[in-house]
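Hi,

Here is the structure I promised to pass on. Have a look, and my notes follow below.

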Amino acid sequence: MEHIIEKFLENHKLSRAEYLALLEGWENQESARRLAQEAVKIRDHYYGRKIFTRGLIEFTNYCKNNCYYCGIRNGNRNVSRYRLTEEEILECCHIGHGMGHRTFVLQGGEDPWFTDEKVAVIIRRIKAEFPDCAVTLSIGEKSYESYRLFREAGADRYLLRHETADEELYRSLHPAGLSLEKRKQCLYDLKKLGYQVGAGFMVGAPGQTLDHLAQDLVFLQELQPQMAGIGPFIPHHDTKYGSEKAGSIELTLFLLSVMRIMLPAVLLPATTALGTLDPMGREKGFMAGANVVMPNLSPLENRRLYELYDNKIGTRGEDGESMEGLARRAECAGCRLVSERGDAVEL
């Protein structure tokens, strides 16, 4: 194990077998501590102690897909559906800008009602009214032409978690019609078009092994995304995996440190899922090498309806999720919340 860590710290990359060996030691506290210390050192070299905020706007919970783990899947008849209007989205941006956000993340299910042109109009309006801000999209799989239209409209970044890099596990989590091959192609299309690209995966997904996680690391090593979203799996009661146990917080933190070492300049969130499972989850994420947090700007009455998993924090406007609360969390980890776009550093 020691020689694997030494090789990783020196080269910032490993083979699949070596990543598996590294992950097999994730419960070793000394190894986890060492990786976390190195991850923080690397993050501080590129970004200082800055924690960047992303104002999250969950603008639609309609989705044409039926992913087996997701609370807003098309087949869940217990969801009250909503769509924010263009004006409501812009109002979220106005509020967020006043709070200090300089990136807005438009996230939603794959909702056919929001045509490419409708999305492009919203992007153009945000960029016109808030020229000092970045726009990130997180609206799923689209065609190359759709992604090009969004990019030309002014979109800067795109989040598209690959979820898992293993074909068999991917099929167990998704219905027929969705494929890992297409998911990966979308990510490479986005890179080709000049987006800052975000991929990522769940930790502890049903059926997942350490070897599956090793495959994820190899894929991300090849993709070289500017952003990586890694959070623990949390079940939703209205899915086939509703009775499965949640993913490990400790393993997630271990993987955050691994990601920071592997991709030194990556923008790495301390995710909402991490904060949902552990009241100190975001602080622990920062201490493992994360440097992004994504507070929710959606109208309060809509937040509880965008329930990807059970008990998601931020749905009731808790004080700990306010900018003041998040600033305190950052300070507890020796960091500071900043009002900046927070673009990825070019290596």
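**Aromatic pairs and the core**

Phe-130 is buried, at 4% relative accessible area (buried means under 20%, exposed over 50%, partly exposed in between, with a 1.4 Å probe and protein chains only). Phe-104 is buried too, at 0%. Please note that this is a predicted model, where local features need pLDDT of at least 70 and side-chain atom pairs 80 or more, while totals for chains, interfaces and linings use all residues. Residues are numbered from 1 along each chain as its sequence is written, and side-chain values use heavy atoms, without hydrogens and water.

The whole structure holds eight aromatic pairs (Phe, Tyr or six-membered Trp ring centres within 6.5 Å; planes under 30 degrees apart are stacked, over 60 edge-to-face, the rest tilted). Phe-104 and Phe-130 make an edge-to-face one, 5.7 Å centre to centre with 70 degrees between the planes. Phe-104 sits in strand 3 and Phe-130 in the loop between helix 5 and strand 4, so the pair ties together parts 26 residues apart in sequence (helices, H or I, of at least four residues and strands, E, of at least two are DSSP runs numbered from the N terminus).

Phe-104 is also among the residues that Ile-126 touches, including Ile-89 and Val-135 (contact means heavy atoms within 4.5 Å).

Another edge-to-face pair joins Trp-113 and Phe-114, at 4.9 Å and 85 degrees. Trp-113 is partly exposed at 44%, whereas Phe-114 is buried at 7%.

Best wishes

Terms used
Lists of a residue's contacts leave out its neighbours within four places in sequence.
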